[in-house]
Number of protein chains: 2
Amino acid sequence: MTTTYRLALLGFGVVGQGLAEILRDKGAQLEREHGARFVITAIADPLKGSLSAPEGLDPQELLDRVGREGNLRGHAAACDWDALHTIDHAAADVVVEMTYTDLKTGEPATTHFRRALQRGCHIVTTNKGPIALHYRELAELAAQRNLIIGYEGTVMSGTPSLRMATTALRGCAISAISGILNGTTNYILTQMEAGATYEAALQEAQRLGYAEADPTGDVEGHDAAAKVAILANVLMGASIGPADVEREGITRLTPQDIESARSENSRWKLIGSVSREGERVSASVRPQRMPLTHPLASVSGPINAVTYTTDMLGDVTLVGPGAGKLATGFAVLSDLLDIHARRRVIRL
Amino acid sequence: MTTTYRLALLGFGVVGQGLAEILRDKGAQLEREHGARFVITAIADPLKGSLSAPEGLDPQELLDRVGREGNLRGHAAACDWDALHTIDHAAADVVVEMTYTDLKTGEPATTHFRRALQRGCHIVTTNKGPIALHYRELAELAAQRNLIIGYEGTVMSGTPSLRMATTALRGCAISAISGILNGTTNYILTQMEAGATYEAALQEAQRLGYAEADPTGDVEGHDAAAKVAILANVLMGASIGPADVEREGITRLTPQDIESARSENSRWKLIGSVSREGERVSASVRPQRMPLTHPLASVSGPINAVTYTTDMLGDVTLVGPGAGKLATGFAVLSDLLDIHARRRVIRL
């Protein structure tokens, strides 16, 4: 027995295209092995154009067209729907929110969330904004309506930092979290250890596409702070936003700092932390000298990692990619499969 | 709404006592947060004695009595049931198999498995024998009867190596697995790097309780080979036993080997590996020189780790304890909570 899920994609950039590749390559297998069929029935992208096709869109055709023309406007299913109209009118069971991230307001994604939940759609997102800023409100709204919100991709892309904690570690109490949650800064620090100056390392990161033209969000720790807020809210019952996270970036680290750490068998890492003492949860992002014996010390390049300190297992560390087209596309698939796995429990 | 699960424990050694501690300390919370109540209704231990109490046994009283008298024979619920009689007659929904491991025959645990499934009980085990040797038969037997077998604790104790792969990585194809799956040998190698001879490191491991009086099972790689077979069978669809795993232990490594690896920025680790090429799955345990940049290289002391090479995420590594009273007790709890989570799907 196959269950079909109709997906409305808000945004068809790197992540949306990664998801389309995965559905193209794995669609038949997912149907065979999991009994789940995921069909893209609508796309709303302010730059690439909008599509609506209740019978479903062919992922290969979408990818070909974007590759060839840079947009979807010439597609037979093209329409003039914006994101809100798409949420309200698409033939969709799940809205996949992949619009741009705003860590100050969480918009427009948060409005998309509220509207999709009102309409009775599940939501999957890779957008940190709504989860870092409005997690509790959105989770309650979803629960009231027996809907699921999936947000695995907001912390370490497809590396299952959240799902591991909520499923595989279920029953453990997590008292502290430490993580390398930003690949750009970790890449820069790794390059500095190999002898590069901060400026040269940043330029190389920009050349490789790890860092943006304005690197502030990464190097000043804003991106990591949003992820710390998500970890604190989802896994430790906190209600904090990115602004509540004590924050220091990597821009003040000098080659001397790097060398001095090395001479003491340690290594600078930009560490996002959450810890709980009693009812109080505190959160920070700051460069820390990690002893080489710590699992986070050996995480190099654009890789991410998180260590959960638990009551029954002590420290458990997960290391994996923190970005990438397929990795983030997998985060979406992972949330879709979770919705599928829970369908009988939530009586879809 | 609370669902009660009555547990018959086969074996009340370190793991059984760890589980009793966890149920004592977390019982109320598990009921509150998960709606699951786990009650020990029977124990069969050939050394400590057997108990049967359909109304449930108090974990604290069990722990007190074992701590005080070394056995359970004076308990009001004492009886003369052996393991098989307990499986057949205890008031139980789940049989928790924690008897000793035999990697040649898988007995007596495999017989316990078949008997418990025939009777209609779910099974949770920390015993590598039946899963390394008879996984496919037992999984099919369970599936036919709509029963669950849980075996998280057979690979990295409570560190969720299996559950992470089957739930949090669901949808990913795993093409290769590499792991540090034996804490004793990893401790010995770590000590040798700090300058100890093999003999001194082994003695220290024995003193700390990491290694047994006869260390063969650990140092010759038999324990790791069984875990490799479990990973291959459960996660890669293989049908192999420990004897099919190419195996070399750590006993031939010399201080010169250790030093030579160090001078080339690498480190010896006893690595269990599984890889797939087409339909062919090959498995091995052998000392390997891991470059210091590999996440497994920095795993030191009695810690375990596993790296999954996947199609969508590349390498994902999980690091955590591979043994311990609470860690292995948690493995059992984790499987029990999984049975609980799946109860509506399997129509318990």
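Predicted model: local features only at pLDDT ≥ 70, side-chain atom pairs only at ≥ 80, totals over all residues.
Chain A is superposed on chain B by a rotation of 180° with 0.0 Å of shift along the axis, at an RMSD of 0.0 Å. This is the relation of a two-fold axis. Leu318(A) is the residue of chain A that comes closest to the rotation axis, its C-alpha lying at 2.3 Å. The two copies meet through the same surface, because 100% of the interface residues of chain A are also interface residues in chain B.

At this interface, 38 residues of chain A contact 38 residues of chain B. The area buried between the two chains is about 3,100 Å², and 65% of that area is on carbon and sulfur atoms. Nine residue pairs are in polar contact between chain A and chain B, with both residues at pLDDT 80 or more. Two salt bridges are found across the interface. Lys26(A) forms a salt bridge with Asp311(B), with 2.4 Å between the closest N and O atoms. On the side of chain A that touches chain B, at least two residues each are supplied by α1 (14–34), α7 (161–168), β13 (314–321) and α13 (325–341).

Helix α11 of chain A comprises 15 residues (222–236). At 1.5 Å a residue the helix should span 21 Å, and its end C-alpha atoms are 20 Å apart, which agrees. Of the 15 residues of α11(A), 14 are buried, so that the helix is mostly covered.

Notes:
Residues numbered from 1 in each chain as written. Chains lettered and ligands numbered in written order. Heavy atoms only, no water. Least-squares fit on C-alpha atoms with pLDDT ≥ 70 in both. Contact = heavy atoms within 4.5 Å. Helix = DSSP H or I, 4+ residues; strand = E, 2+ residues; numbered from the N terminus. Expected span 1.5 Å × (residues − 1). Buried < 20%, exposed > 50% of the residue type's maximum accessible area, 1.4 Å probe, protein only. Buried area = accessible area lost by both parts, 1.4 Å probe. Salt bridge = Lys/Arg side-chain N within 4 Å of Asp/Glu carboxyl O. Polar contact = N/O pair within 3.5 Å; in protein donor to acceptor, adjacent residues only side chain to side chain.
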